[in-house]
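Here is a friendly briefing to read alongside the model. Have the viewer open and follow the topics one by one.

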Amino acid sequence: MPSASGGVARLACARLRERGIPVLPLLSKAGLSIEQIDDPGVRIKVQSQIKLVQLAADALQDDLLGFHLARDYDLREIGLLYYVLASSEVLNDALHKAARYSGIANEGVSLKFRASRESVIAFDYTGIERLSDYHQIEFWLLSLIRVCRQLTNRRLIPSRIRLVHHRRKTPAEFRSLLGCEIEFGSGVDEVVFPSAATLMPIASADIHLNELLTKYCEEALAHRAPALNTLRSSVENAMAPLLPHGKANAVEIARRVGMSHRTLARRLSVEGLTFSEIAEEMKHDLARHYLRDGDLPISQIAWLLGYREVSAFTHAFKRWTGMTPRQSRAQGHLAAAGSARKVRHRGRNHSGRKVSATS
């Protein structure tokens with residue numbers, strides 16, 4: 001399984017502790033231990049990090065948690081990779097190095113950089129399902145833009161930002177900080193800058209330091225086995241952008257992953273899977289996520305999942321959970337309200353004064 005340095009997970013735990021929310025139950029649900037979080041030298045599974053940050057977002061009632069974490073932390077916490085970028089001569093060089101060495105920080109998200117008339121930084125998921133991740137990708141997105149701005153000492157505005165996952169609209173906080181709209185529900189995850197931006201010099205450039213740090217990165221890279229896509233994650237990532245258009249069928253997905261329909265069915269069978277099972281589980285997971293967004297109408301959720309009729313979605317959701325989408329959404333709101341009351345109560349003593357809380 002792809003691993004990560006765990007920075008996003010540790011920032012999420014720090015935020016939970018600041019709010020007096022116990023981290024141990026959430027770590028347990030994500031398959032992590034307190035020892036892994038408290039030791040910054042320990043790498044963790046990318047899938048566990050994604051799950052933990054989603055659990056933290058739910059507990060904090062912060063649907064923009066990844067964005068908020070990326071906005072508030074010190075970029076130097078990225079570690080070796082940050083200093084390699086900061087010692088490069090121009091932004092173009094830094095972005096090429098970011099693409100080459102991003103696996104040191106996170107093996108599950110591979111950066112691709114290409115420059116021609118525009119400079120494009122794309123995020124490719126390896127070995128993990130893309131649509132299970134909302135907060136980590138938004139953390140990466142803002143971190144990348146913050147790094148570009150800090151290195152050039154310019155408020156660079158992307159020409160275009162596209163993300164695979166869905167939001168009803170670009171949140172106002174995103175628009176204010178990034179300076180542009182985001183195209184959600186795209187077929188790719190990418191940030192695009194005008195080509196001239198990547199020619200900007202980096203104020204902290206240091207050729208000798210960069211050579212030394214690049215050597216360290218090459219050594220670290222040489223000791224890592226390349227992350228491999230599982231067939232399931234390849235199928236899920238190919239399926240994601242096609243769901244709303246009703247084209248996520250087995251024949252089309254097989255073509256996109258480079259094999260025949262029959263070969264895909266045979267290889268899934270070897271892994272104890274079927275295409276229909278993967279599609280059902282993916283729709284179920286996405287439905288639960290979309291229902292947490294109170295602004296998304298049930299009819300739009302049905303469309304995002306590939307259902308042409310709300311009744312078909314309602315029937316499927318009831319089969320998965322035993323309740324209708326509206327009942328599930330109402331139950332989620334009630335649970336969130338109860339959780340908020342508990343957090344407020346924990347943060348005060350019997351006299352009503354605020355007290356600190358750790359976990």
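**Cavities**

- The count comes to 2 cavities of 30 Å³ or more, where a cavity is a set of points on a 1 Å grid over the protein atoms alone at which a 1.4 Å probe fits but cannot get out.
- This is a predicted model, in which local features need pLDDT of at least 70 and side-chain atom pairs count only at pLDDT 80 or more, while totals for chains, interfaces and linings use all residues. Residues are numbered from 1 along each chain as its sequence is written, and side-chain values use heavy atoms, with hydrogens and water left out.
- The largest cavity has a volume of about 80 Å³, a volume being the space filled by probe spheres set on the points, with grid points joined across faces, edges and corners.
- D63, Y134, H166, R167, H289, Y290, R292, D293 and L296 line the largest cavity; lining residues have an atom within 4 Å of a point.
- By class, that lining has 3 nonpolar, 2 polar and 4 charged residues. Here Ala, Val, Leu, Ile, Met, Phe, Trp, Tyr, Cys and Pro count as nonpolar, Asp, Glu, Lys and Arg as charged, and the others, Gly among them, as polar.
- The second largest cavity holds about 30 Å³ of space, and its lining is made up of L131, V164, H166, G185, S186, A240, P241 and P244.
- In the lining of the second largest cavity, 5 residues are nonpolar, 3 are polar and none is charged.

- The model has 24 salt bridges, each a side-chain nitrogen of Lys or Arg within 4 Å of a carboxyl oxygen of Asp or Glu.
- One of them joins D63 and R167 (2.7 Å, N to O), and both residues also line the largest cavity.
- This pair links distant parts of the chain, 104 residues apart: D63 is in the loop between α4 (46–60) and α5 (65–72), and R167 is in the loop between β5 (160–163) and α9 (172–178).
- Helices (H or I, at least four residues) and strands (E, at least two) are DSSP runs, numbered from the N terminus.

**The second largest pocket**

- The second largest pocket has a volume of about 650 Å³; a pocket is an open set of points with protein on both sides within 12 Å along at least five of seven lines.
- Its lining counts 31 residues, with S5, E77, I78, L81 and A105 nearest the centre.
- Two or more lining residues come from each of α1 (7–18), α6, α7 (91–105) and α8 (135–152), and α8 gives the largest share, 5 residues.
- The lining of this pocket divides into 20 nonpolar, 8 polar and 3 charged residues.

**The sheet**

- An open sheet of 5 strands runs in the order β3-β4-β7-β5-β6, with mixed pairing; two strands pair if DSSP finds at least two bridges between them.
- β3 and β6 (183–184) are at the edges with a single partner strand each, so one side of each is left without a neighbour in the sheet.
- Strands β3 (residues 109–115) and β4 (residues 118–125) run antiparallel and are joined by 7 bridges, with a hairpin of 2 residues between them.
- Across this pair, L111 stands opposite F123, and R114 has V120 as its bridge partner.

**A nonpolar surface patch**

- L80, L209, L212 and Y216 form a nonpolar patch with about 320 Å² of accessible area together. Such patches join nonpolar side chains (Val, Leu, Ile, Met, Phe, Trp, Tyr) within 5 Å, from residues with over 30% relative accessible area and no salt bridge.
- Accessible areas come from the Shrake-Rupley method with a 1.4 Å probe, and for residues only the protein chains shown count as cover.
- Helix α10 (residues 207–222) gives the largest share of the patch, 3 residues, whereas L80 is in helix α6 (residues 80–86).

Notes. Patches are made of residues with over 30% relative accessible area and no salt bridge: like charges are joined within 9 Å, nonpolar side chains (Val, Leu, Ile, Met, Phe, Trp, Tyr) within 5 Å.
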